[in-house]
Structures are given as C-alpha cells and as structure tokens.
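Student: Please take one part of this structure and go through it closely. I would like to see how that part connects to what surrounds it.

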Amino acid sequence: IPHAVIRKSPDNGVTWTTVDDNFGGPFYQIGRVITHDSSGNVYVPEARASIPNWIVKKSADNGSTWTILDGYVLGGSVPEDMIVDSLGNFFVTGVSGTPNTWTIRKSADSGVTWVTVDFYQLPGGTYSWGWGLTEDLLGNIYSSSSSYDGTHYNSVVRQSTDHGVTWNNVDIFNYSPTGGTG
C-alpha cells in the first residue's frame, strides 16, 4: 500500500530512521515536500485518499510527534508545495475540486487557521495544477502551475505582491497540442 514515510538523519545522511509511518489501511499518502519555520518546526503537506484529502502536518520536536494543522476537504485535493514567507505566513499550493483547480491556501497564524487565497482556472480550462511556490527578496510570492485552457497546455506563473491577498498572472507560456511551443 503506497503511503508517505518521513525519515530523518541525525548524522548528515550517514544513517536514517523512520519518524512517521502511521498510515495503515487501504489509503494512499503523498508527501512531496518538507519545509520549516524560523523556530525550527517542521511541516509536511500531504495528500491522502481518506477525508480530509489535503493535510498539513507539523512537528515541533524533530519529528518525534506530528499534529495535523490543516485538513482541507474538497474532492481530489493534492498539496504539492509549501513555503513559510518572510512574515511567517504559511502558503501551500496544489490542486482541488472538479474540474481540477489550482489552489493556494494560507495561514497567517502559524497554521491555526487556514483560508483559500487563490482558486484559479484559465478561461475555458479543464484543469490547472499548482506545483511550486517561492518568495523573492522583495517579499513577492510566486506560484507556478501546469494548466489546460481547452486548446493548449500552459505553464502559468501567478504573483502576489501583498503576501497572498491578491494574485495576478505574470507569465503564461502556451504549448501546442502536439507538444511543441505555441
């Protein structure tokens, strides 16, 4: 049964131990990224087949114990990336809903409460999947996706200049239906 396992190394990768592997049963678990905050807490966004689909887990004790901070329920939800910005806000991007829609969730209070700050689909689109997040030196947040607008496959970058309050497209690169550039 596929599931997420969190392992850590106390000696720069020479040896490894499993610190989280409690996902028994017929459920898939997907965890693709690990991040941390300035206090040393560790966070892992994960997708799972059970409800809630999209979760964010936190460990405050080097992985010995984990608590769920966000349990987002919207069919087919998969978180892909997470960052903690320079103000301490948490951002997670991925996909949720039907059709698959690019989703960005934010917590401004260390993960206690979460809101969806961007739920985006290209006009005419049938899917849009958030893949990455980053912050530049000016504090702008960027998220990248792969999207389909009904005709072309696209790589889209969205930007927030106000720490996630509003989002705008800053780049859309179209691919032709045959795989070349459009």
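Tutor: In this predicted model, strands S12, S13, S14 and S15 form an open sheet in that order, with antiparallel pairing. S12 and S15 are the edge strands, and each of them pairs on one side only. From one strand to the next the twist averages 20°. As background, the strands of a sheet are paired through backbone hydrogen bonds, and the pairing may be parallel or antiparallel.

Take the pairing of S14 with S15, which is antiparallel and runs over seven bridges. One place to look is Asn154, which stands opposite Asn174 in S15. Between strand S14 (153-160) and strand S15 (168-175) there is a loop, and His163 is found in it. The phi of His163 is near 55°, a positive value in a residue other than glycine. Most residues other than glycine have a negative phi. His163 has a relative accessible area of 18%, and it counts as buried because the limit for that is under 20%.

Another residue with this kind of backbone angle is Asn62, which is not a glycine and has a positive phi of about 60°. Asn62 is in the loop between strand S6 (54-59) and strand S7 (67-72). Is Asn62 buried or exposed? Its relative accessibility is 55%, so Asn62 counts as exposed.

Tyr127 and Tyr148 form a stacked aromatic pair, with 6.5 Å from centre to centre and 10° between the planes. Tyr127 belongs to strand S12 (residues 127-135) and Tyr148 to strand S13 (residues 141-148), so the pair ties together parts that are 21 residues apart in sequence. Tyr127 is partly exposed, with a relative accessible area of 23%, while Tyr148 counts as buried at 19%.

Leu133 shows what this part touches. Leaving aside neighbours within four places in sequence, Leu133 is in contact with Asp81, Met82, Ile83, Phe91, Val92, Thr93, Ile141, Tyr142 and Ser143. Leu133 is also a member of the largest nonpolar core, which has ten residues.

S8 and S9 pair in the antiparallel sense over six bridges. Pro79 has Gly94 in S9 as its bridge partner. The hairpin of these two strands has five residues between them, and Gly88 in this hairpin takes a positive phi near 90°. On to the next pairing: strand S9 (residues 90-96) and strand S10 (residues 101-107) are joined in the antiparallel sense over seven bridges. Here Val92 stands opposite Arg105 in S10; Val92 is also one of the contacts of Leu133.

Last, the aromatic rings. The whole structure has eight aromatic pairs. One of them is the tilted pair of Phe90 and Trp114, at 6.1 Å centre to centre with 50° between the planes. This pair links distant parts of the chain, as Phe90 is in strand S9 and Trp114 is in the loop between S10 and S11, 24 residues apart. Phe90 is buried, with a relative accessible area of 1%, and Trp114 also counts as buried, at 11%. Together with Tyr43, these two residues form one aromatic cluster.

Notes. Residues are numbered from 1 along each chain as its sequence is written. This is a predicted model: local features need pLDDT of at least 70, side-chain atom pairs count only at pLDDT 80 or more; totals for chains, interfaces and linings use all residues. Side-chain values use heavy atoms; hydrogens and water are left out. Two strands pair if DSSP finds at least two bridges between them. Helices (H or I, at least four residues) and strands (E, at least two) are DSSP runs, numbered from the N terminus. A nonpolar core is a set of buried Ala, Val, Leu, Ile, Met, Phe, Trp, Tyr and Cys residues joined through side-chain atoms within 4.5 Å. Buried means under 20% relative accessible area, exposed over 50%, partly exposed in between (1.4 Å probe, protein chains only). Contact means heavy atoms within 4.5 Å. Rings of Phe, Tyr and Trp (its six-membered ring) pair if their centres lie within 6.5 Å; planes under 30 degrees apart count as stacked, over 60 as edge-to-face and the rest as tilted. Axes are lines fitted to C-alpha atoms, for helices over the stretch in contact, and angles run from 0 to 180 degrees between N-to-C directions.
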